[in-house]
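The sequence and the model come first.

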Amino acid sequence: MATVGGLRALPRWLLRGRWTPLPAGLCSRGLAGPGRPESEPRPTSTWQRDGIRNIVLSNPKKRNALSLTMLKSLQNDILHEAESKDLKVIVISAEGPVFSSGHDLKELTEEQGCNYHTEVFQTCSEVMMLIQNHPVPIIAMVNGLATAAGCQLVASCDLAVASDKSSFATPGVNIGLFCSTPGVALGRVVPRKVALEMLFTGEPISAQQALLHGLLSKVVPEERLEEETMRIAKKIASLSRPVVSLGKAIFYKQLPQDLRTAYCLTSQAMVDNLALRDGQEGIKAFIQKRKPIWSH
Amino acid sequence: MATVGGLRALPRWLLRGRWTPLPAGLCSRGLAGPGRPESEPRPTSTWQRDGIRNIVLSNPKKRNALSLTMLKSLQNDILHEAESKDLKVIVISAEGPVFSSGHDLKELTEEQGCNYHTEVFQTCSEVMMLIQNHPVPIIAMVNGLATAAGCQLVASCDLAVASDKSSFATPGVNIGLFCSTPGVALGRVVPRKVALEMLFTGEPISAQQALLHGLLSKVVPEERLEEETMRIAKKIASLSRPVVSLGKAIFYKQLPQDLRTAYCLTSQAMVDNLALRDGQEGIKAFIQKRKPIWSH
Amino acid sequence: MATVGGLRALPRWLLRGRWTPLPAGLCSRGLAGPGRPESEPRPTSTWQRDGIRNIVLSNPKKRNALSLTMLKSLQNDILHEAESKDLKVIVISAEGPVFSSGHDLKELTEEQGCNYHTEVFQTCSEVMMLIQNHPVPIIAMVNGLATAAGCQLVASCDLAVASDKSSFATPGVNIGLFCSTPGVALGRVVPRKVALEMLFTGEPISAQQALLHGLLSKVVPEERLEEETMRIAKKIASLSRPVVSLGKAIFYKQLPQDLRTAYCLTSQAMVDNLALRDGQEGIKAFIQKRKPIWSH
């Protein structure tokens with residue numbers, strides 16, 4: 001299996017912000033395990049219309065496990081023509097009753113070896129960071145159970161809409177594998193006591209609890225899930241792509257900074273935003289009481 | 001228009017904590033735009049009684065837009081005799097159905113120029129940081145719609161009480177100007193998925209949702225808004241000003257630190273607090289089962 | 001009174017992570033006050049069964065005040081055989097209607113002197129950090145009022161289960177002693193406006209509000225408090241101790257890091273976890289559809 005998504009091969013926008021290289025050794029890239037099957041069909045399906053790209057985890061028989069193949073397929077689908085003006089927003093959903101059950105445990109046995117394990121977790125981490133570093137908003141649309149790295153995927157998306165029957169868990173501790181990487185994403189969206197109860201007990205929380213605590217941005221009845229998610233996606237697709245892109249990047253950039261640095265970064269971003277063609281068009285249209293025409 | 005609030009002119013207590021200067025160029029102060037009218041009446045009104053200063057945004061015809069004039073008027077009202085023992089707490093409210101609609105878009109057109117835009121955003125950021133760096137608690141009392149920098153003002157106050165008919169939005173993206181500076185304050189009080197949904201869609205959240213997610217500290221029916229806000233203000237005004245002031249400063253100072261540094265800072269603050277005259281008076285009064293008499 | 005818990009005397013696992021020494025002077029250890037009574041009975045009681053250690057604050061007459069004696073007793077009970085494989089989880093509860101009322105104010109008078117005050121706050125801070133740095137999960141079981149440092153103790157535990165009649169406050173400001181050290185723990189688990197309202201007004205919040213805002217992980221009726229807490233404790237005691245221990249340590253370590261560093265740390269932790277005997281046993285058992293047998 002060819003190594004996909006090496007740091008040097010990524011587009012420049014992926015290198016901005018926190019995507020800085022770490023000291024050698026701390027995160028050395030493992031070698032791929034030998035001779036894994038590549039003949040199976042692609043585990044994701046994807047299509048794009050009116051600026052909205054739908055990516056669907058399509059391996060319901062394996063509960064949409066985030067195998068290395070699945071992760072790389074997802075990574076490719078997210079990265080594909082990321083710079084195109086025709087792409088405005090991405091929606092990640094899943095086939096079947098399980099959104100995703102997390103890593104494929106058959107890839108984590110002793111026989112696969114430490115280097116292969118390293119590749120699995122690093123690829124997974126890269127996909128999660130890619131979501132945050134991507135130029136367009138990425139929405140998780142969840143209808144069912146999301147566990148371990150599946151829960152991490154939901155937590156990592158910019159927005160997350162779920163049906164009220166969905167639930168969320170990080171049950172790795174039950175099988176002796178603490179959900180430490182999912183804890184990175186989870187710990188940044190829910191209060192720490194909620195995260196720790198999920199991590200220490202492995203017990204699921206409901207969609208309503210997930211909404212209450214910040215893991216989701218919206219919960220709707222199952223029959224309205226697609227409608228509501230697409231309504232948000234269409235709204236975002238109707239906006240100026242460079243404006244949204246600038247806003248997403250600066251939001252994540254300022255968040256960990258001290259207050260003064262954050263305001264200096266964002267004050268400059270506001271001035272830059274106004275200097276964009278779409279920035280001035282929007283304000284002109286508002287003052288002239290007409291709809292703006294974005295040039296993107 | 002004279003430049004007001006330059007860093008060097010601010011009182012010393014404003015320089016403590018995170019108020020450190022940044023590298024030149026990153027945040028260079030723009031020149032004021034030429035010949036702006038100054039003849040209009042002051043856009044805020046203010047009065048003070050029993051230690052409580054009320055500042056009211058008083059330009060309801062313009063939806064209390066945070067024009068440069070409004071921002072500087074607000075800044076002056078907050079800074080006025082900030083060191084006086086007679087000031088114990090500040091309440092910021094607004095006239096009319098809109099708390100504040102954010103920046104005055106007429107100040108953000110191409111014609112006003114980049115330097116003027118820079119002055120607008122820097123002055124706005126200074127006002128928001130001033131609230132956090134001020135020696136007394138500052139409460140937002142909201143009865144209506146607060147959008148963009150108006151929402152940022154609510155998020156920046158130490159406490160925020162709102163009527164249940166109030167709502168909150170960051171709709172800049174609709175007119176091609178992403179609410180990046182409001183995102184600084186918003187992103188520090190609500191979970192990031194809530195902030196991002198507000199920023200990407202521009203859609204409002206209700207007072208109840210705002211309370212749930214941390215943007216407000218209390219929601220009450222409209223007819224009880226003033227009563228409840230003044231109850232909290234009077235409570236704070238009845239306390240020892242130097243104790244409250246020390247507590248507010250150390251809270252914001254320790255928050256971004258690692259745990260050990262935070263505990264070292266605050267352990268020292270507790271010892272310093274006990275060494276204050278009001279610190280010992282309070283404990284004596286408690287042990288003697290009488291009301292404390294603060295010397296401030 | 002002998003000095004207990006000096007930094008150099010602590011086991012090595014307490015030194016990991018954020019437990020780094022600070023510049024001399026910032027946190028110099030105060031001398032113990034002269035001649036304090038030591039004849040009183042131990043203010044905590046403790047027993048251990050099936051991997052679960054119960055520590056009970058047992059001075060209900062003094063509202064379980066966190067006197068220096070109480071703090072050191074608690075510290076000893078937490079530290080006792082912390083490395084033993086027989087210890088899987090700790091539950092901290094209290095006798096009587098008050099969980100804990102915080103510091104003993106008689107220890108904070110002028111007469112006790114600044115060095116003694118320093119020892120009180122440093123010992124308290126050490127106990128709070130010890131909870132986070134301890135190798136097993138620590139659960140607060142709260143049935144009643146928790147104020148000031150008592151509220152801080154609840155906030156500092158990894159998990160916190162409370163009866164619905166419990167309430168939480170940081171009322172120090174009423175007696176001229178701002179709850180600055182409790183603010184460290186509180187400010188890291190609840191939104192800042194909630195923390196500031198508690199700190200500035202001293203007013204209590206209910207168990208339900210505490211749950212909503214992240215101070216608690218669960219609220220149950222009083223008659224189910226022990227049952228539910230022990231259910232969680234037994235669940236944790238049934239898991240692999242080294243796996244839980246590794247997971248707890250890495251969770252707190254990654255939380256304040258930037259995203260890339262956090263993923264590097266945790267990706268390595270996942271690989272290390274898989275290399276543990278219990279890591280491979282858990283995955284084998286799962287694939288073989290049997291219960292895992294932990295070797296710890």
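The model is a predicted one, and the values below are computed from its atoms.

**The interfaces of chain B**

The size of an interface is often given as the accessible area lost when the parts come together.

| Interface | Residues in contact | Buried area | Salt bridges | Polar contacts |
| Chain A and chain B | 59 of chain A, 49 of chain B | about 4700 Å² | three salt bridges | 19 residue pairs |
| Chain C and chain B | 50 of chain C, 59 of chain B | about 4700 Å² | three salt bridges | 19 residue pairs |

Of the area buried between chain A and chain B, 67% is on carbon and sulfur atoms. On the side of chain A, the residues that lose the most area to chain B are A:Arg260, A:Tyr263 and A:Met270, which together account for 18% of what that side buries. One of the salt bridges here joins the side chains of B:Glu197 and A:Lys218, at 2.9 Å from N to O. The elements of chain A that give two or more residues to this side include β7 (159-163), α8 (241-254) and α10 (277-287), while the largest share, 14 residues, comes from α9(A). By class, the side of chain A that touches chain B has 34 nonpolar, 15 polar and ten charged residues.

Between chain C and chain B, 67% of the buried area is on carbon and sulfur atoms, and C:Arg192, C:Lys193 and C:Phe200 supply 18% of the area that chain C buries against chain B, more than any other three residues. The residues on the side of chain C that touches chain B divide into 24 nonpolar, 17 polar and nine charged.

**Strand β7 of chain B**

Within chain B, strand β7 (residues 159-163) has five of its five residues buried, so the strand is largely enclosed by the rest of the structure. In a regular strand the side chains alternate between the two faces of the sheet. Both faces of β7(B) are covered, with B:Leu159, B:Val161 and B:Ser163 buried on one side and B:Ala160 and B:Ala162 buried on the other.

The strand also has two parallel partners among those described here: β5 (residues 138-142) of chain B, joined to β7(B) by four bridges, and β10 (residues 218-220) of chain B, paired with β7(B) over three bridges. Opposite B:Ala160 stands B:Ala140, whereas B:Ser163 has B:Val220 in β10(B) as its bridge partner.

**Two residues with positive phi**

Most residues other than glycine have a negative phi. B:Glu81 has a positive phi, near 45°, and lies in the loop between α1 (68-79) and β3 (89-94) of chain B, where B:Glu81 is exposed with a relative accessible area of 52%. C:Lys289, likewise not a glycine, has a positive phi of about 55°; C:Lys289 lies in the segment after α10 (277-287) of chain C and is exposed, with a relative accessible area of 79%.

Note on methods:
Residues are numbered from 1 along each chain as its sequence is written. Chains are lettered from A and ligands numbered from 1 in the order in which they are written. This is a predicted model: local features need pLDDT of at least 70, side-chain atom pairs count only at pLDDT 80 or more; totals for chains, interfaces and linings use all residues. Side-chain values use heavy atoms; hydrogens and water are left out. Buried means under 20% relative accessible area, exposed over 50%, partly exposed in between (1.4 Å probe, protein chains only). Two strands pair if DSSP finds at least two bridges between them. Contact means heavy atoms within 4.5 Å. Buried area is the accessible area (1.4 Å probe) that two parts lose on being put together, summed over both. A salt bridge is a side-chain nitrogen of Lys or Arg within 4 Å of a carboxyl oxygen of Asp or Glu. A polar contact is a pair of N or O atoms within 3.5 Å; within protein, one must be able to donate a hydrogen and the other to accept it, and residues adjacent in sequence count only if both atoms are side-chain atoms. Ala, Val, Leu, Ile, Met, Phe, Trp, Tyr, Cys and Pro count as nonpolar, Asp, Glu, Lys and Arg as charged, and the others, Gly among them, as polar.
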